[in-house]
Amino acid sequence: MNKIRSVCVYCGSSPGNDDLYVKAGHALGRSIAQAGLELIYGGGNKGIMGAVADGALRAGGKVTGIIPRFLMTKESSQAALQRLDSLIVTENMHERKHAMFERSDAFVALPGGIGTVEEIIEIMTWAQLGHHRKPIVFGNIGGFWNPMVALLDHMRAQGFIHTGHLVQPLVIDSAEAIVPAILVAASTDSAPTEGVQAVIDKM
């Protein structure tokens, strides 16, 4: 059984074109807090990213923001950053992603753009390489991730995902159902979350 203490959320720093996305961000943040879990996220206060943090904070949850120095004034404000329980400022995106990974026991991708795709795909790549066995979730709000799921199925069918048993992201349509699904997945997986040390050492 893998212990879930924190959940990392990747999502857009923009609200998108459907109010459903921001509402889902609030709902997920609230759900994480109500489960007694810590939210790990990108530190911004705009768009869906801001909604997730606001939802968690309003529900009394612990929130850690991890943000590169050059994005501090673009994606957030000093007042918003002071609301967080913990703020980690990195020098670049690479450091940010590693810090988010190290502090998180599960990963969720809500709707977002290229950056969100890049982040969740990297986490899936690390899983495929044996780096970790932490739960991975596509928050498929309004069917947003259907094209991505179809692409992954296509890659698998064409023989390009050779260790598919290590990459089995959950696809959850409701924001409120994401945390319960993570907790169930963690309780049924007996593999260690930290992965294989020999593989990690080579990365």
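Predicted model: local features only at pLDDT ≥ 70, side-chain atom pairs only at ≥ 80, totals over all residues.
Residues are numbered from 1 along each chain as its sequence is written, and side-chain values use heavy atoms, with hydrogens and water left out.

Let me start with the overall fold. The protein chain has 9 helices and 7 strands, where helices (H or I, at least four residues) and strands (E, at least two) are DSSP runs, numbered from the N terminus. The strands form an open sheet of 7 with the order 4-3-2-1-5-6-7 and parallel pairing, two strands being paired if DSSP finds at least two bridges between them. Strand 4 (86–90) and strand 7 sit at the edges, each pairing on one side only, and from one strand to the next the twist averages 20 degrees.

Within that sheet, strand 1 (residues 6–10) pairs with strand 2 (residues 38–41) in the parallel sense over 3 bridges; the partner of C8 in strand 2 is I40, and V7 stands opposite L39. Helix 2 (residues 47–58) packs on the sheet, touching strand 1, strand 2 and strand 3 (62–68), and its direction makes about 160 degrees with that of strand 2. Contact here means heavy atoms within 4.5 Å, and the axes are lines fitted to C-alpha atoms, for helices over the stretch in contact, with angles running from 0 to 180 degrees between N-to-C directions. Helix 6 (residues 114–128) lies across strand 1, strand 5 (107–109) and strand 6 (136–139), at about 150 degrees to strand 6.

Is strand 2 buried or exposed? Both of its faces are covered, with E38 and I40 on one side and L39 and Y41 on the other all buried, where buried means under 20% relative accessible area, exposed over 50%, and partly exposed in between (1.4 Å probe, protein chains only). Over the protein chain, buried residues make up 51% of the 203 residues.

Now back to the salt bridges. D105 and R5 meet through their side chains at 3.1 Å, N to O, and this pair links distant parts of the chain, with D105 in the loop between helix 5 (93–102) and strand 5, and R5 in the segment before strand 1, 100 residues apart. D105 is buried, at a relative accessible area of 7%.

K97 meets E118 in a salt bridge at 2.5 Å, N to O; K97 lies in helix 5 and E118 in helix 6, so the pair ties together parts that are 21 residues apart in sequence. K97 is buried at 13%, whereas E118, at 36% relative accessibility, counts as partly exposed. K97 also forms a salt bridge with E122, the closest N and O atoms being 3.0 Å apart.

Finally, the surface. The protein chain exposes about 9700 Å², with carbon and sulfur atoms supplying 54% of it, by the Shrake-Rupley method with a 1.4 Å probe, only the protein chains shown counting as cover for residues. F160, in the loop between helix 7 (146–157) and strand 7 (170–172), counts as exposed at 63% relative accessibility.

Methods. Salt bridge = Lys/Arg side-chain N within 4 Å of Asp/Glu carboxyl O.
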